[in-house]
Amino acid sequence: MIKNISNLGDAAVYCDFGSDVSETINTKVINYFNHLSVLVKKNKINGIKNITPSYNKLIISFDLEKTNYLEIKKVVMNLDIKEDAQNNNKKVKVPVCCENEFGLDFKRLLDKTRLSKEEILKFYLEKEYFCYMTGFIAGMPFLGDINKKIRCDRLETPRVKVPQGSVGITEQFTNIYTFESPGGWNIIGNTPLKIFDKLNLEEPALIKPGDKVSFYQISKKEYINWNE
Amino acid sequence: MSNTYFQILRPGINTTIQDGGRNHLYHVGITVSGAIDQRNLKLVNKLVENQLDEAVIEFAYQGPLLKLKNGKIIFSITGDVLFKIIRKNSKIEDGICYKKYILEDGDQIDLISTKNTAYGYLSVKGGFKLEKVWNSYSTNTKANIGSNNGKKYSIEDKIIIKSNDLQTSKEMKMSYNKISDNIIRVIKGTNFNYFSREAQNSFFNQEFLVTKLADRMGIRLSGLKLENIVSTNIKSEGLIRGAIQVPADGNPIIMLSDHGTIGGYPKIGVVISADLDRVGQLTPRSAIKFKEVRLEEAQNIFKAYTDDTNKYLNECN
């Protein structure tokens, strides 16, 4: 399970699940995250401030006035996690408009992959993706893995502003820009769907780690009328 | 129902509402926010007999010029701040930090600037009329969450004051000593061994300069390039306040309260909790040095830091 537990500074515990990026390892990270979150919600653990799952790490930050590294480490080591724990993960279908005004980087992708736009979209849309983590900006999901044939590095010079709703790909991953933000992913389209809703106080992020996500294409007309 | 408010005659460079911060949301990408200088947040609230983590106005460098409308309040300023109180009769008083004042209807507070530090704090007894978002009043300007719709204050905004509670018995004052040490204590990071022996040595021995790229998200430093011998990228993982990332250009970045929740650069170190207030207050062109401490030592230093904070708080009991 956890390969190594160490301290990250004096107020965080760093749980290392290995160096590979895979659904198997990430599912273990998410299991630990879900377990700890329930305990925090039920006030069973004192002093935890934040828990951040990522591909293969889990970072737990705590209030040094209330607890310390050894106490939280002990809690983590004593967790009884079942390998095949049932998660409440869901499937999300995301509409995406890939017309040229939204698919900003097709020209670059056609050059790099030597495929046509139709082929790229066929490979992209036929797969269901796994959400490894959310973050960087509020609600941004990191999804994978995309077909090897359409993988491509980040832009050499990142954009200063990627439009809100942009759907991007890089390496084996795909994501959605929930806010306008700087970024270097190859943009293939834009979704009108609200992925992060700050008015939804219970569950602001539509896509959570462990969820399965697939994309389907919509026309520009459907895109424009989506939120009406 | 109070009708008392601050009219903003000049908003200042980066004036926001901050409190203890917003927790339990890193996993959806929402950062902690909160006052950069948590000790001065507590002290400024204590001086007006508020809860210690009540929402206050945080300002950076040039602060706001505020005019009080429809009421009479008690306020205090902490930090290293040059400010004046302009009374209704045009009489101007030089302001003193760490002291309680009464402000009358029509009086103005001119928060001219911070001195050799980045942030200052203004509290009002009883607090401001705001709504919590995810259990915090803090303004998060990146995700537009929190007070003032997640935006810094601008000239047309009003800051509404909760009460006209002037029930006060005594004078409130603290004799605050600002620590002007340039040593920042650090615990080695999870990727410390990504750096060459020379880089590891120079990290703890050479001086770094704070660049002008310093804000509530983080502080970029410049110095001798820190050579990475393993990889200039890691698989993205969580970040925390105080984490020091080193991107491919070899210049360290220290994460502050509004940092991105995950990052993909190696972490060479983490600033200890007791030094976070001081790091956040650094201004461009200041020179700093990192000093290595071990976990147990950091925990003891934090106890001393907490005792110091309590000593100041007790001056007002």
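**Helix H1 of chain B**

Tutor: Let's start with H1(B), which is mostly covered: 10 of its 10 residues are buried. Keep in mind that this is a predicted model.

Student: Which residues of H1(B) are the buried ones?

Tutor: They run from Gln38(B), Arg39(B), Asn40(B) and Leu41(B) through Lys42(B), Leu43(B) and Val44(B) to Asn45(B), Lys46(B) and Leu47(B).

Student: And what follows H1(B)?

Tutor: Glu49(B) follows H1(B), and the phi of Glu49(B) is positive, near 60°.

Student: OK, which helix axis comes within 10 Å of the axis of H1(B)?

Tutor: That of helix H5 of chain B, residues 295–314. The two axes cross at roughly 15°.

Student: Let's zoom out. How many helices and strands does chain B have?

Tutor: Chain B has 5 helices and 20 strands. Its radius of gyration is 20 Å, close to the 20 Å that the globule rule gives for 317 residues, so chain B is as compact as a globular protein of that length.

Student: What about the box chain B fills?

Tutor: The C-alpha atoms of chain B fill roughly 65 × 35 × 30 Å, taken along the principal axes. Of its 317 residues, 50% count as buried. Also, among the contacts in chain B with a separation of 6 or more, 76% are between residues 24 or more positions apart.

Student: Switching to chain A now. What are the numbers for helices and strands there?

Tutor: Chain A has 5 helices and 13 strands. Its radius of gyration is 19 Å, which agrees with the value near 17 Å that a compact globule of 228 residues would have. The C-alpha trace spans about 55 × 40 × 35 Å along the principal axes.

Student: How much of chain A is buried?

Tutor: Buried residues make up 44% of the 228. For contacts in chain A with a separation of 6 or more, residues 24 or more positions apart account for 63%.

Student: Pick me a residue in chain A. Where is Phe62(A), say?

Tutor: Phe62(A) sits in strand E4 of chain A.

Student: Why does Phe62(A) count as buried?

Tutor: Because Phe62(A) has 24 C-beta neighbours inside 10 Å, and 20 or more is the cut-off for buried.

Student: Which residues is Phe62(A) in contact with?

Tutor: Leaving aside neighbours within four places in sequence, Phe62(A) is in contact with Ala11(A), Ala12(A), Gly47(A), Ile48(A), Lys49(A), Thr67(A) and Ile72(A). Take Ala11(A): Phe62(A) is 51 residues from Ala11(A) in sequence, with 5.4 Å between their C-alpha atoms.

Student: Last topic, the contact between the chains. How many residues does each chain give?

Tutor: Chain A gives 38 residues and chain B gives 31. Strands E1, E2, E3, E4 and E6 of chain A each supply at least two residues of the side that touches chain B.

Student: Which of them gives the most?

Tutor: E3(A), with 5 residues. By class, the side of chain A that touches chain B has 21 nonpolar, 12 polar and 5 charged residues.

Notes. Residues numbered from 1 in each chain as written. Chains lettered and ligands numbered in written order. Predicted model: local features only at pLDDT ≥ 70, side-chain atom pairs only at ≥ 80, totals over all residues. Axes fitted to C-alpha atoms, helices over the stretch in contact; angles between N-to-C directions. Helix = DSSP H or I, 4+ residues; strand = E, 2+ residues; numbered from the N terminus. Contact = placed C-beta atoms within 7 Å. Nonpolar A, V, L, I, M, F, W, Y, C, P; charged D, E, K, R; others polar. Rg over C-alpha atoms; globule rule 2.2 N^0.38 Å. Buried ≥ 20, exposed ≤ 12 C-beta atoms within 10 Å, placed from the backbone.
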